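Reader: I'd like to learn how to read aromatic contacts in a protein model. Could you walk me through them?

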Amino acid sequence: MRRIIDLTLPIEEHWRYGIKFAHTRSHANHDLWQATSYNLESHWFTHIDAPIHHDPEGVDLNAYPIQDWCMTECLVLDFSDIGDNVGITGEMLEKANEKYKDKHFDSILIRTDRGKKVSWKTTEFWDNSPYVTEDGGIWIKNYNPKLVGYDFPQDYEIRKIRTMKPGDMIVQPVHEHVLKDGKILQIEYMTNLWEIGAETCQLIALPLNTQHADGSQIRVIAVVEE
């Protein structure tokens, strides 16, 4: 039996992103068809990062042929028991990987169940989230997957974006080590990892086909054979 789990946040109005929907044509106005317009930035909701997002000299998504990474065997590293504001270190990641240390996976998911504990629609989701420490980012870089995904804001200072002022600096060592130095694609703000119910799965990830993108909304599913 095959189970399919959607790991993608719904795209809907949200205080963090400022997305708005409007009917450009509607049956209520007696138009022949209904159509909706909306504003959407490349790093809103569940999305993928290309290195150019963080590195002015980095490459865009066109440098990653989709056939090389859109379907991968994936390892789910379980930190679902972790508390608020706790850093996930390289040592913790190494311990979580111990069972599979003799096997390499093309993708890894770091699971904290953040969206199960706290609604992603609240500021609390970001403000007191667990995060990956700098040495944790180095561990991911050295593991060298094609793709890494998170169900929480992986850099501590992502929480500061909500209140940052012009000129404020946001330090993101995970982006620095994983995305810039490691050139590893990152999928941010995933959900439902707790429904996978297995330590490994097939991960299927398909971004929008926007050209030379620094990032893109992406639909991600896990496939589990039972």
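Author: Let's go through the ring pairs and then the charges over rings. Keep in mind that this is a predicted model.

Reader: Okay, how many aromatic pairs does a search of the whole structure find?

Author: Rings count as a pair if their centres lie within 6.5 Å. Searching the whole structure that way turns up 11 aromatic pairs. Take Trp15 and Trp126: their centres are 5.6 Å apart with 80 degrees between the planes, making the pair edge-to-face.

Reader: Which parts does that pair tie together?

Author: Trp15 is in the loop between β1 and β2, while Trp126 belongs to helix α3, so the contact joins parts 111 residues apart in sequence.

Reader: And is Trp126 buried or exposed?

Author: Buried means under 20% relative accessible area. Trp126 has 2%, so it counts as buried, whereas Trp15 is partly exposed at 38%.

Reader: What about Phe45 and Trp120?

Author: That's another edge-to-face pair, 6.1 Å centre to centre and 70 degrees between planes.

Reader: Which residues do ring pairs link into a cluster with Trp15?

Author: Phe125, Trp126 and Tyr189 join Trp15 in that cluster.

Reader: Now the charges: which rings have a charged end sitting over them?

Author: Here the distance runs from the charged end to the ring centre. Lys103 sits over the ring of Phe105 at 5.0 Å, and Arg159 over the ring of Tyr156 at 3.9 Å.

How values were computed. Residues are numbered from 1 along each chain as its sequence is written. This is a predicted model: local features need pLDDT of at least 70, side-chain atom pairs count only at pLDDT 80 or more; totals for chains, interfaces and linings use all residues. Side-chain values use heavy atoms; hydrogens and water are left out. Rings of Phe, Tyr and Trp (its six-membered ring) pair if their centres lie within 6.5 Å; planes under 30 degrees apart count as stacked, over 60 as edge-to-face and the rest as tilted. Helices (H or I, at least four residues) and strands (E, at least two) are DSSP runs, numbered from the N terminus. Buried means under 20% relative accessible area, exposed over 50%, partly exposed in between (1.4 Å probe, protein chains only). A charge sits over a ring if NZ of Lys or CZ of Arg is within 6 Å of the ring centre and within 35 degrees of the ring normal.
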